[in-house]
Amino acid sequence: MSTLKVPHSVPAAADDCEQLRKAFAGWGTNEGLIISILSHRNADQRKLIRETYANTFGEDLLKVLDKELTSDFERLVHLWTLDSAERDAFLANEAAKKWTSSNRVLVEIACARSSEQLFAARRAYHVLYKKSIEEDVALRTTGDFRKLLVLLVSSYRYEGTEVDLNLAKTEAKLLHDKISKKAYNDDDLIRIFATRSRAQTNATFNHYKDEFGKDINKDLKDDPKNEFLSLLRATSKCLLHPEKYFAKVLRLAINGRGTHEEDLTRVVATRAEVDLKTIGDEYQRRNSVPLDRAIGKDTSGDYEKMLLELIGHGDT
């Protein structure tokens with residue numbers, strides 16, 4: 001469930017552009033005016049604002065925002081203003097270029113989006129970077145990580161609800177056999193994680209638990225320091241329980257030693273129009289603190305204001 005609050009009567013895009021132009025005028029930038037407009041417009045409305053701004057003033061709104069704003073606030077506004085496919089392409093490119101074994105952004109893009117959304121991100125990547133996500137991921141990653149991640153970002157999972165129970169039983173046994181032998185990089189294991197539909201994967205993992213008495217993710221915790229096992233667990237959770245996955249990302253971003261603004265920014269910008277209300281509820285259930293209060297405690301200034309508006313707890 002989305003946390004975005006769009007007014008019943010939305011000004012014309014041309015009027016929003018005039019107000020944004022005023023926010024940039026003079027000696028200082030009117031950040032409050034920018035927040036009041038952009039944080040209360042949906043994806044289609046923001047896209048129209050960008051197009052209208054370019055046609056009216058001959059400038060790319062994103063470039064103007066980047067010039068006028070700074071730090072975490074600038075990054076949040078930039079990600080939020082991007083079209084969702086462009087945003088995923090931007091994040092994927094960034095993740096590939098500075099990839100580390102603990103980076104989960106590519107898993108999020110591959111597993112927490114629909115097949116059509118992932119395909120749209122791959123097309124946007126072509127346009128923006130003149131190459132494919134797959135070739136950049138293959139270039140920047142190594143070993144078992146490359147085997148899994150290239151297959152994840154190039155997959156087009158079936159979105160239907162149909163399930164083959166016999167296949168679920170067969171593949172649950174296969175997974176248990178491979179995991180028992182610590183053959184975590186087995187081609188079939190990776191294939192199942194990276195290509196099966198959500199419904200089929202859920203049926204397989206449920207049968208795994210019923211047949212072998214343990215959740216598959218717990219069996220994948222054999223070595224807590226093994227980053228590849230962590231990536232497999234993230235793939236499973238992000239695909240089947242995104243609200244739990246993202247609630248944990250937020251907890252680690254907010255409750256760790258110092259706020260990890262990059263993760264906080266990414267989750268809010270990518271999930272506000274999707275399921276951030278559900279993620280916030282899960283966060284409160286697990287941490288006994290409302291998400292807005294946690295964010296308010298660990299952030300400040302215009303960055304805090306924009307975050308709170310996007311999670312539905314702002315002042316405007």
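These legends describe close-up views of a predicted model.

**View 1. Three domains divide the chain.** Domain 1 spans residues 13-69. Domain 2 covers 85-229, and domain 3 covers 241-311. The centres of domain 1 and domain 2, taken over C-alpha atoms, are 37 Å apart.

**View 2. Helix H4 has buried residues and exposed ones.** Helix H4 runs over residues 61-68. Its buried residues are Leu61, Leu62, Val64 and Leu65. Seen down the axis of H4, these buried residues fall within an arc of 160°, so they line one face of the helix. Lys63 and Lys67 sit on the other side of H4, where they are exposed. What covers the buried residues of H4? The cover includes helix H1 (13-24), helix H2 (31-38), helix H3 (43-57) and helix H5 (71-81).

**View 3. Aspartate 60 sits at the start of H4.** Here a side chain meets the backbone. A side-chain oxygen of aspartate 60 comes to within 2.9 Å of the backbone nitrogen of leucine 62.

**View 4. Phenylalanine 24 and tyrosine 53 form an aromatic pair.** The model holds nine aromatic pairs. Phenylalanine 24 lies in helix H1 and tyrosine 53 in helix H3, so the pair ties together parts that are 29 residues apart in sequence. Both phenylalanine 24 and tyrosine 53 are buried. Ring pairs also link Phe24 and Tyr53 with Phe57 in a cluster.

**View 5. Tyrosine 208 and phenylalanine 212 pair within helix H13.** This aromatic pair is edge-to-face too. Its centre-to-centre distance is 5.4 Å, and the planes make an angle of 65°. Both residues lie in helix H13 (residues 198-212), four residues apart, about one turn of the helix. Are the two partners buried or exposed? Tyrosine 208 has a relative accessible area of 0%, so it is buried. Phenylalanine 212 has a relative accessible area of 29%, so it is partly exposed.

**View 6. Arginine 46 lies over the face of tryptophan 80.** The distance from arginine 46 to the ring centre is 3.7 Å.

**View 7. Serine 71 and lysine 182 have positive phi values.** Most residues other than glycine have a negative phi. Serine 71 has a positive phi, near 60°. Serine 71 belongs to helix H5. Its relative accessibility is 57%, over the 50% cut-off, so serine 71 counts as exposed. Lysine 182 also has a positive phi, of about 60°, although it is not a glycine. Where is lysine 182 found? Lysine 182 is in the loop between helix H11 (165-180) and helix H12 (187-195). With a relative accessible area of 48%, lysine 182 is partly exposed.

**View 8. Threonine 201 is a buried residue of helix H13.** Its relative accessibility is 2%, under the 20% cut-off, so threonine 201 counts as buried. A polar atom of the threonine 201 side chain lies 3.4 Å from the backbone oxygen of arginine 196. Which residues does threonine 201 touch? Leaving out residues up to four places away in sequence, threonine 201 touches Arg157, Ile192, Arg196, Leu239 and Leu240.

Note on methods:
Residues are numbered from 1 along each chain as its sequence is written. This is a predicted model: local features need pLDDT of at least 70, side-chain atom pairs count only at pLDDT 80 or more; totals for chains, interfaces and linings use all residues. Side-chain values use heavy atoms; hydrogens and water are left out. Buried means under 20% relative accessible area, exposed over 50%, partly exposed in between (1.4 Å probe, protein chains only). Helices (H or I, at least four residues) and strands (E, at least two) are DSSP runs, numbered from the N terminus. The arc is that of the directions from the helix axis to the C-beta atoms. Contact means heavy atoms within 4.5 Å. A polar contact is a pair of N or O atoms within 3.5 Å; within protein, one must be able to donate a hydrogen and the other to accept it, and residues adjacent in sequence count only if both atoms are side-chain atoms. Domain bounds come from an automatic or database domain assignment. Rings of Phe, Tyr and Trp (its six-membered ring) pair if their centres lie within 6.5 Å; planes under 30 degrees apart count as stacked, over 60 as edge-to-face and the rest as tilted. A charge sits over a ring if NZ of Lys or CZ of Arg is within 6 Å of the ring centre and within 35 degrees of the ring normal.
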